[in-house]
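Thanks for sending this one over.

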Amino acid sequence: MDVEILGRVLSTLPDDDDHPYRTGPWRPQTTEWKADDLTVVEGEIPADLDGLYLRNTENPVHPALERYHPFDGDGMIHAVGFRDGKAFYRNRFVQTDGLIAEREAGVPLWAGIADRPEKSPRQDGWGARGRMKDASSTDVVVHAGVALTSFYQCGDLYRLNPLTLETLGKSDWGGEFPSCGVSAHTKSDENTGELLFFNYGKDAPYMHYGVVDADDRLVHYTEVPLPGPRLPHDMAFTENYAILNDCPLFWDADLLAKGHHAARFRPDLPLRLGVIPRRGTSAQILWFEAAPTYVLHFVNAYEEGDEIVLDGFFQGDPEPRDTGDGSFYQRMFRFLALDRMQTRLHRWRLNLRTGQCREERLTDSITEFGVLNNTYGGRRNRYTYAASGVEGWFLFNGLVKHDLLTGKEERYTLPEGVYGSEPAMAPRVGSTAEDDGYLVTLTTDMNEDRSECLIFDAARPADGPLARLLLPERISSGTHATWAPGSAIPGWAGADSPATSVGL
Ligand SMILES: [Fe+2]
């Protein structure tokens, strides 16, 4: 492994930090690495694995003003690229306006989600709540040959060179980028080259939906009127429709009027799912009502006869009670533990002719952060690959392949003390079957104080990794990941080594 240090940041986190989401498996990194020819610890890198795994991370540089929430951390992208049976690795901070301002100040300038916005030293800021730092640390997709990072509370889309991970700037869309920003979970449709997105905020109409074409031009933007401010996190799409949501978990209206942002589950209200033609207007939205829950993540949607089939994770308990069990931090962050929220793969069938919604639980297993072979995005898929969680914590301890046709599940569990990432499915070059490819994930190994990249056969993940590659240092647990085939990345094919190509 050839290793080079590209940069270091000066962290002002306390040496005796005891915050579980800034220590242990969530210990942030301060070093940016470039490593070529990664050491293979076990197995062999498949020669037909060709492309990039990208993963975002909440990686804080400064302490919170008072209370740190793991969603506040500064965005850091980890990338592992595979070509010709070799692999390279890079990690870089997303150079957000907030990160740069705080680097100059040497202190935090914005209140995180668990602190009150009035505490922000800066009057400006981002996010649906307002006066937050856009950390761009939630999600990453590749669109039009560029990696785009995003923030769950809405903000800019930061454009990164997918090979060097250098921040190129922010999406501007010819001056038409929405003033209220864009939410995490933009959808990059590999079949059309389009990027679908939504945003949300505290001002009517409370949500918008838009489409960016394959040439990165904003070609559609429309209002999605909601009854009030909502906290959507994800969306879905089919070949002809986008699916937005109005979940009954949102800021209490009376408290919000007094300036308090207290999210409450309202089991007296339905989950509403809004179906809109991909280039449709607000007048064309069909709303469906379903059993109350909060959906953090959908997996996929597709059309079948008169119905839209929508798969996602139903939360059995969107607002877990404080039972007094566990540590102070476990109680504070009980909303992040999959077992507390009881997240299960679920199917909503939205009948466009009758306006009725039928729904069914697809499994008793608790999983979340589900992904699929993205060439099946918006089309009928059979398989979902999801993460399993560590009880009581926002940590992943393995992956589960759900066969949605037979109900069969295949599971791979990591050793105790080793934590995984959201997997990504990498179709084998030239593949024709949906699960003909690989699953890629990154680990944080607290036993050996190191991190690895694991590659599984997507057809047989329970067999364990086909290959284990060593990363230069132990990385923090993180958030969303994506796969980009080499063919989608400028400069990939022509370069002697994608690792040394500047690409763009
Ligand atoms: Fe998410």
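1. A word on confidence to begin with: pLDDT is the predictor's confidence in each residue, on a scale from 0 to 100. This is a predicted model, and its mean pLDDT is 96, with 98% of the residues scoring at least 70. Among the elements of the protein, the highest mean, 99, belongs to strand β15 (residues 236-237), while helix α3 (residues 328-332) has the lowest, at 90.

2. Where the two domains meet, domain 1 contributes 17 residues and domain 2 contributes 20 residues. On the domain 1 side of this contact you will find nine nonpolar, six polar and two charged residues.

3. Do have a look at the largest nonpolar core, which holds 125 residues. Within that core, Ile243, Leu273 and Val440 touch the most other members. Domain 1 and domain 2 each supply at least three residues to this core. As general background, nonpolar side chains tend to be buried together in soluble globular proteins.

4. Which residues does Val440 touch, not counting residues up to four places away in sequence? They are Tyr53, Val80, Pro423, Ala424, Ala426, Cys453, Ile455 and Trp483.

5. Now to an open sheet of four strands, with antiparallel pairing and the order β11-β12-β13-β14. The edges are taken by β11 (187-188) and β14 (218-223); each has a single partner strand, so one side of each is left without a neighbour in the sheet. The antiparallel pairing of β11 with strand β12 (residues 195-200) runs over two bridges. Ser188 has Leu195 in β12 as its bridge partner.

6. Strand β21 (residues 298-304) pairs with strand β22 (residues 307-315) in the antiparallel sense, over six bridges. Two residues lie between β21 and β22, and Gly305 in the turn has a positive phi of about 60 degrees. Glu304 stands opposite Glu307 in β22. Is β21 mostly covered or mostly exposed? β21 is mostly covered, with five of its seven residues buried. In general, side chains in a regular strand alternate between the two faces of the sheet.

Terms used. Residues numbered from 1 in each chain as written. Predicted model: local features only at pLDDT ≥ 70, side-chain atom pairs only at ≥ 80, totals over all residues. Buried ≥ 20, exposed ≤ 12 C-beta atoms within 10 Å, placed from the backbone. Pairing = 2+ DSSP bridges. Contact = placed C-beta atoms within 7 Å. Nonpolar A, V, L, I, M, F, W, Y, C, P; charged D, E, K, R; others polar. Core = buried A, V, L, I, M, F, W, Y, C linked by C-beta atoms within 7 Å. Domains from an automatic or database assignment.
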